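Reader: I have a model open on my screen and would like to talk through its side chains. Could you take me through it, beginning with the charged pairs?

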Amino acid sequence: MKKVITYIAVLFGVFSGFSQVLEKEPVFSDNEYIEFKIKYLSFNTSTASLQTTKKNLEGKEVYHVVGKGRSSKFLSFFFKIRDQYETIIDAETFLPYRFVRNIYEGGYTKDIVIDFDQNNNKALVNNKKHKTKKTFDVVPNVHDMLSSFYYLRNLIDVNDLKIGDEETLTMFFDEENFKFKLRFLGKETIRTKYGKTSCLKFRPLVMAERIFKEEESLTVWISNDENKIPVKISADLAVGSLTANLSKYSGLKYPLVTK
């Protein structure tokens, strides 16, 4: 299960390939909360959540997003997960000012803070665990894995999406620029805890490693309504499969459309 929560968190960021200039009211509220139950094989292993709060930072309105991953009590006896990701994004441009990754996964730890200089296309990485600071070049209007998800939710135009459409993006994570390709698979109605939900189905193309079976191992379903929240994530792993399903939400700006 090592790094599984990390990959789920990355999925919230891979959709920013549709990025444009944000010119409309955000689809999410100032106090949105969404939570997912994660199953490995048939076992409930952990939860992942995203909490959004609007704040004022040095005279600027920003959104503070906190993502958490927690292993279940049973799994924690064998492999304890306590992950926290944070981003602070500008309320107008949706570009990140700061990204935090503080994780504990079965004894494996990271404590990293990234400060973005959007004007000069730089990222200052403060590795608190190793007590190092390094500056990296980044692409213009760079996003982290959380800010990109919130940016995209305001940009998806269902009318322009065609099956097979692909987009690519570069996202800065830890000390690296990551490239992803995202393919739109079409619309699908799936069963959720809250009823049948019409969804937009995407497949991020990822590098096959020891965790994933192959390049096309991930599938993500986003609600086909005004909220555009993820309702299901599925991953084929090297051993078994993993799913994350929407289990709780509050503070949505619009009612979640179900049948």
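This is a predicted model: local features need pLDDT of at least 70, side-chain atom pairs count only at pLDDT 80 or more; totals for chains, interfaces and linings use all residues.

Reader: Which class does Lys-54 fall into, and which does Glu-61?

Author: Lys-54 counts as partly exposed at 31% relative accessibility, and Glu-61 also counts as partly exposed, at 47%. Here buried means under 20% relative accessible area, exposed means over 50%, and partly exposed is in between, with a 1.4 Å probe and protein chains only.

Reader: How many salt bridges does the structure hold?

Author: The structure holds four salt bridges, and one of them joins the side chains of Asp-137 and Lys-122 at 2.3 Å, N to O. That pair links distant parts of the chain, with Asp-137 in strand β8 (residues 132–137) and Lys-122 in strand β7 (residues 122–127), 15 residues apart; helices (H or I, at least four residues) and strands (E, at least two) are DSSP runs, numbered from the N terminus. Asp-137 is exposed, with a relative accessible area of 54%, whereas Lys-122 is partly exposed at 32%.

Reader: And what does Glu-188 pair with?

Author: Glu-188 forms a salt bridge with Lys-201, and their closest N and O atoms are 3.1 Å apart. Glu-188 belongs to strand β10 (residues 176–192) and Lys-201 to strand β11 (residues 195–205), so this pair, 13 residues apart, links distant parts of the chain. Glu-188 counts as partly exposed at 29% relative accessibility, but Lys-201 counts as buried at 19%.

Reader: Switching to rings, how many aromatic pairs are there?

Author: There are 12 aromatic pairs in the structure; rings of Phe, Tyr and Trp (its six-membered ring) pair if their centres lie within 6.5 Å, and planes under 30 degrees apart count as stacked, over 60 as edge-to-face and the rest as tilted. One of them is the tilted pair of Tyr-85 and Phe-99, at 6.3 Å centre to centre with 35° between the planes. Tyr-85 lies in strand β4 (residues 81–90) and Phe-99 in strand β5 (residues 96–105), so the pair ties together parts that are 14 residues apart in sequence.

Reader: Which ring does the charged end of Lys-129 sit over?

Author: The charged end of Lys-129 sits over the ring of Tyr-108, 6.0 Å from its centre, the criterion being NZ of Lys or CZ of Arg within 6 Å of the ring centre and within 35 degrees of the ring normal. Lys-232 lies over the face of Trp-221, at 4.8 Å from the ring centre.

Technical notes
Residues are numbered from 1 along each chain as its sequence is written. Side-chain values use heavy atoms; hydrogens and water are left out.
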